[in-house]
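Notebook open. I want to go through this model step by step and jot down what I look up.

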Amino acid sequence: MQVNDSKNFEPVIAAFCCNWCSYAGADLSGTNRLSYPTNVKIIRVPCSCRVNPMFILRAFQRGADGVIICGCHPGDCHYTSGNYFTRRRITLLYSMLDFLGIERNRTRLEWVSAAEGAKFASVMEQFTEDVRKLGPNRRLEDLRCRKK
Amino acid sequence: MNRIGVFVCHCGTNIASTVDVKAVAEALSHERGVVISQDYQYMCSESGQNLVKNAIKEHNLTGVVICSCSPRMHENTFRKACSEAGLNPYLVEIANIREQCSWIHKDITTATEKAVILGRTAIAKVTLNTPLTSMESPVVKRALVIGGGIAGIQSALDIAEAGFEVDIVEKEPTIGGKMAQIDKTFPTLDCAACILTPKMVEASQNENINIYSFSEVSDVKGFVGNFTVKIKRKARYVDETKCTGCGLCTEKCPMKKVPNEFNAGLDNRTAIYIPFAQAVPKIATIDPNYCMMLKNGKCGVCSKVCTAGAVDYKQKDEFIEKKYGAIVVATGYNPISPEKFDEYAYSQCPDVVTSLELERLMNAAGPNGGTLLRPSDKKHPEKIVFIQCVGSRCDDDRGKPYCSKICCMYTAKHAMLIREKYPDTEVYVFYIDVRTPGKNFDEFYRRAVEQYNVHYIKGMVGKVTPKANGKIEVQGSDMLADEQLRIDADLVVLAMAIEPDKSARPLATMLTTQMDTNDFFTEAHPKLRPVESATAGIFLSGVCQGPKDIPETVAQASAAAAKAIGLLCKNSITCNPCVAHSDELMCNGCSACEKVCPYGAITYENKEFRMPDRTVAVRRVASVNPAVCQGCGACTVACPSGAMDLNGFSNSQIMAEVDAICK
Ligand SMILES: Cc1cc2nc3c(=O)[nH]c(=O)nc-3n(C[C@H](O)[C@H](O)[C@H](O)COP(=O)(O)OP(=O)(O)OC[C@H]3O[C@@H](n4cnc5c(N)ncnc54)[C@H](O)[C@@H]3O)c2cc1C
Ligand code: SF4
Ligand code: SF4
Ligand code: FES
């Protein structure tokens, strides 16, 4: 089990990936046997614009240390314009998270295409390292949700 | 009460070697609602599917979780199996423990832990799944072929023969691709033009085929059976409907110093040009980089000489939009540039040529009318050195890591053709390995060695130096004789590696298809679905999927056509029931959802509601057209009252997944 003391800190990371590009990109990094940390667990959504900012807040509240949202490159969304909504919504969410005192680097938005298996792996590697450096998220974590 | 069945797949050893599948099944058996949790060698096999089906009947399951490969691989397989056993297919969830777990992690303990969490997440979701029924969506009975090389031509002909309309989009002024530039073809040594040009003509005359030459795909929308594609028809400054292809303009054009791509830059063409005599369509095109009229308004000769009045300097790029049911990608390849391999002196010496240049030098329609002469002094070369694998199987970033597959064979072909026509010429071939699998291929190579006395030298060339006397010194090693060689050659030929066309990557992004790290399109399954892309309705033809010779290209092109025909034969396909719907009781009619929907799927209705105080109120509420909605979910987030939700990816389902990952 992952132990969350500061020495042995293994960040919990939720990754929302759109079905058409980023989830396929994640599969491709598997097919090409590229590795990235086990900390990252992927949730498949049809489009990055399906990610309600509430999901991200919920993740932080439930003890996630980092949340990453991945979608198709701007202009390439399977639904044409979904990722533009995502970009605007996440920008707004950033300022709210700033206000709540959640470090900016705990949330990230990345564009990963179905062809970018290597990019997916390196983004996840990098993000996990960045979150690891920040340490556990205590600010928004609802202690009632914490697993004993 | 939930009654969930969990099935953990070993995938042979693909999963089982890094994930302790038994431990996963055991851990998940304790989750709430789980009544059976099993592991099995191959879940997707018939007996694996039967295991699931029997469990559904025996335990009266209300939900199924398969821990296996990506849902992009087998979600449909398992949905079908469940549906056959009487369970609604949308009560299945897949935990991706192969592509997203066993294949990326090496440590069994952490990979197993992760697999358990992924399994739990899927269980948390499936508990909230609801049965869904799909609607049918019509298939547009027309195919698009992108790229008009031999691959694209063959796919288009086959689809047209089956009775469907096909459009070919080709970025160059003519179809034909690389094969049109090749002189003779292995292993039969028949002339490429003699077998290709009749096919080009057949394509142009087939009433089901429509060729958009000098055009590119600029946007792709939609989904299998119903793609909307925007095609950019680049301005060629000649009216296609008027030009008769007489070629008078190309004779009179005063701008005669334009490098001729068709002859690999070995001679020149005019600014207005027809690529070659058998071009299809045979229509002139003005090259705006060289045309003096377009550059500074001075000239206008071609417009004056054209009796058909076809020249139009004011022509603009045009965009057309068309609907297609299936798309075949056939964008082919290009040889890489020799510029980076300066040890072979390509940039310093005109007598160091690439194999494609040699094809043109030997071709009867080439710059020397078919007599092999050195580009520098037009003399007959007496000693020729071929260097194979330039940039192929290359471990630095100047070249490509893969074998280009065709070079061994075409080099043997070149060597043999030269020895046949000019028996006084000495021919040397430097090779790393000679790779000649394929029907009659090894016999072909052996003929070059045994019958035509071509000197094959196993070894690498270190340096090529042009000398003052016009000779080219080739320094290399003979690994079998263990000695250094110096050969004074008259002509050096480089067998350059091949790479996918540069336009392939942006195209892949438009099509949402996958590519490998070398920019070859990735097939849906390397063994079982070699001509389909992972994106439904998009098929792969020719070298764009990996290096191939002509016979293999044609075989794959016909296979891709067969798959496309299979799709076009259907009148309708089942559409995705994971669409949005709004809860009328919560909707306040604010129009936020309507504004974000990219498909205009949301409309508003005035509906009567019975209020608690027994009065009737009329309220404006959103309603989603399930045939138009594509299920992106944009509206669900825009909705301020939480009325809008998405089937299959509902707010509560995603929240449950978040919780399962975080706890
Ligand atoms: C020197 C040499 C000698 C060879 N000799 C032989 C031989 O003897 N025998 C043999 O079997 N094979 C030979 N080959 C291999 C042969 O050329 C290929 O197998 C064959 O041409 C592949 O056809 P293709 O249609 O897949 O690709 P291509 O011929 O490359 O055709 C692709 C077409 O798509 C177009 N295109 C690309 N991108 C786009 C886009 N984005 N939009 C629209 N159109 C696009 C291109 O302009 C081109 O017309 C040789 C190759 C070389 C380099
Ligand atoms: S543009 Fe006119 S002159 Fe030129 S090829 Fe066409 S018809 Fe002939
Ligand atoms: S899910 Fe997307 S396509 Fe469907 S109604 Fe909502 S915004 Fe429109
Ligand atoms: S489908 Fe990938 S971001 Fe919209």
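**Ground rules.** I am working on a predicted model, where local features need pLDDT of at least 70, side-chain atom pairs count only at pLDDT 80 or more, and totals for chains, interfaces and linings use all residues. Residues are numbered from 1 along each chain as its sequence is written, chains are lettered from A and ligands numbered from 1 in the order in which they are written, and side-chain values use heavy atoms, with hydrogens and water left out.

**Confidence.** I looked up the scores and got ipTM 0.95 and pTM 0.73. Chain B has a mean pLDDT of 95 (the predictor's confidence in each residue, from 0 to 100), and 100% of its residues reach 70 or more.

**Domains of chain B.** The assignment (automatic or from a database) gives domain 1 (4-126), domain 2 (149-230 + 319-332 + 510-568), domain 3 (248-305), domain 4 (333-499) and domain 5 (580-647). I checked the C-alpha centres of domains 1 and 4 of chain B, and they are 54 Å apart.

**Ligand 1.** Where does ligand 1 lie? Domain 2 and domain 4 of chain B both give residues to its shell, so ligand 1 lies between them. I find 36 residues around it, the closest being E170(B), Y333(B), S503(B), K548(B) and I550(B); a residue counts if one of its heavy atoms lies within 4 Å. By type, the shell holds 15 nonpolar, 11 polar and 10 charged residues (Ala, Val, Leu, Ile, Met, Phe, Trp, Tyr, Cys and Pro count as nonpolar, Asp, Glu, Lys and Arg as charged, the others, Gly among them, as polar). Next I looked at ligand oxygens: one is 2.6 Å from a side-chain N or O atom of Y333(B), one is 2.7 Å from a polar backbone atom of I550(B), and one is 2.8 Å from a backbone N or O atom of K178(B). The protein covers 98% of the 1,000 Å² of accessible area that ligand 1 has on its own (Shrake-Rupley, 1.4 Å probe).

**Ligand 3.** Ligand 3 has 13 residues around it, and the closest are C597(B), C629(B), C632(B), G633(B) and C635(B). I count 10 nonpolar, 3 polar and no charged residues in that shell.

Methods. A polar contact is a pair of N or O atoms within 3.5 Å; within protein, one must be able to donate a hydrogen and the other to accept it, and residues adjacent in sequence count only if both atoms are side-chain atoms.
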